[in-house]
Amino acid sequence: MELVLSSVTTAAVNLIVFSFLPVLWWFFKHRQAGGFLKWIGFFRPQLKSSWRILLLFAVLYAFFYNFDFTQLVDPQTLAYIESSASVSANAFAGLGAAAVLPALIENFIANGMAEEILYRGFLCKRLCGKTGIVGGIILQAVLFGLMHNILYMAAGLDVGLWYHTLTFLFTGTGAFLLGWLNEKIFNGSIIPSILLHGGGNFLASMLIAFA
């Protein structure tokens, strides 16, 4: 129960923090045009490309998700990461079924929904409007990758330049794919990226929980 309450708290805090700027921007500049959820991209997704493109994307994303970039990390750094309390997924280590509910809350709401609102909902759409769809997708991916580097440094994790580089490339690539999924394959809805982002994180947490 304590872990569930902690996950609920984390989800609430993340939603507030990651939605703060988008809500302010919408309130002062766009509220006359419609509601916040529709403006941010929280509406029913509709496929605007062919099923073949979607299938190709699914294969590409599966390859990306299953690529174990930790094999490029030296064992000492990897052991340090896996034992650090600053890495949120480690809270589920060895908990088994008890980790399912808190992991669902944390991965789909605290990470999936909150981060997608800011990055694919707010930043990606604003940047796409300024630089074009491809340019906006790339720029938000760079910002998303840098966010993870900043979070590692803010947590005081001493992981070295190589690990930071791998983290930036891995998370940035994931952000690029999620942005492409929303803007180029679907109709700008952020629901596909929320589900994919949350689902990927949840599976990773379950691997840790049942290891």
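The radius of gyration is taken here over C-alpha atoms, and the globule rule is 2.2 Å times the number of residues to the power 0.38. With 211 residues, a compact globule would by this rule have a radius near 17 Å, and the protein chain, at 17 Å, agrees. Along the principal axes, its C-alpha atoms fill a box of roughly 50 × 35 × 30 Å. The model is a predicted one, in which local features need pLDDT of at least 70 and side-chain atom pairs count only at pLDDT 80 or more, while totals for chains, interfaces and linings use all residues. Residues are numbered from 1 along each chain as its sequence is written, and side-chain values use heavy atoms, with hydrogens and water left out.

The protein chain has eight helices and zero strands, where helices (H or I, at least four residues) and strands (E, at least two) are DSSP runs numbered from the N terminus. Read from that end, the elements run α-α-α-α-α-α-α-α.

Next come burial and surface. Of the 211 residues, 43% count as buried; buried means under 20% relative accessible area, exposed over 50%, and partly exposed in between (1.4 Å probe, protein chains only). The accessible surface comes to about 11600 Å², and 72% of it belongs to carbon and sulfur atoms. These areas come from the Shrake-Rupley method with a 1.4 Å probe; for residues, only the protein chains shown count as cover. Contact means heavy atoms within 4.5 Å. Among contacts between residues at least 6 apart in sequence, 78% join residues at least 24 apart.

The interior can be explored through its nonpolar cores, each a set of buried Ala, Val, Leu, Ile, Met, Phe, Trp, Tyr and Cys residues joined through side-chain atoms within 4.5 Å. The largest has 17 residues, and those with the most contacts inside it are Phe18, Phe36, Trp39, Ile40, Leu118, Tyr119 and Phe122. Two or more residues each are given to this core by helix H1 (2–29), helix H2 (36–40), helix H5 (100–131) and helix H6 (133–154). H5 supplies the largest share, six residues. Apart from this core lies another, of 10 residues, including Leu78, Ile81, Tyr152 and Val159. Returning to Tyr119, its contacts, not counting residues up to four places away in sequence, are Phe18, Cys124, Gln140, Leu143, Phe144 and Met147.

Setting aside residues up to four places away in sequence, tyrosine 163 touches Phe69, Val73, Thr77, Ile81 and Tyr152. Its C-alpha atom is separated by 21 Å from that of leucine 177, 14 residues apart along the chain. Histidine 164 also has its place in H7 (residues 160–185). Histidine 164 is buried as well, because its relative accessible area is 14%. Beyond its neighbours within four places in sequence, histidine 164 is in contact with Asn149, Tyr152, Met153 and Val159.

Leucine 47 is found between H2 and helix H3 (51–66), and its relative accessibility of 28% makes it partly exposed. Leaving out residues up to four places away in sequence, leucine 47 touches Leu54, Ile185 and Phe186. Leucine 47 and serine 6 are 41 residues apart in sequence, with 36 Å between them in space, C-alpha to C-alpha.
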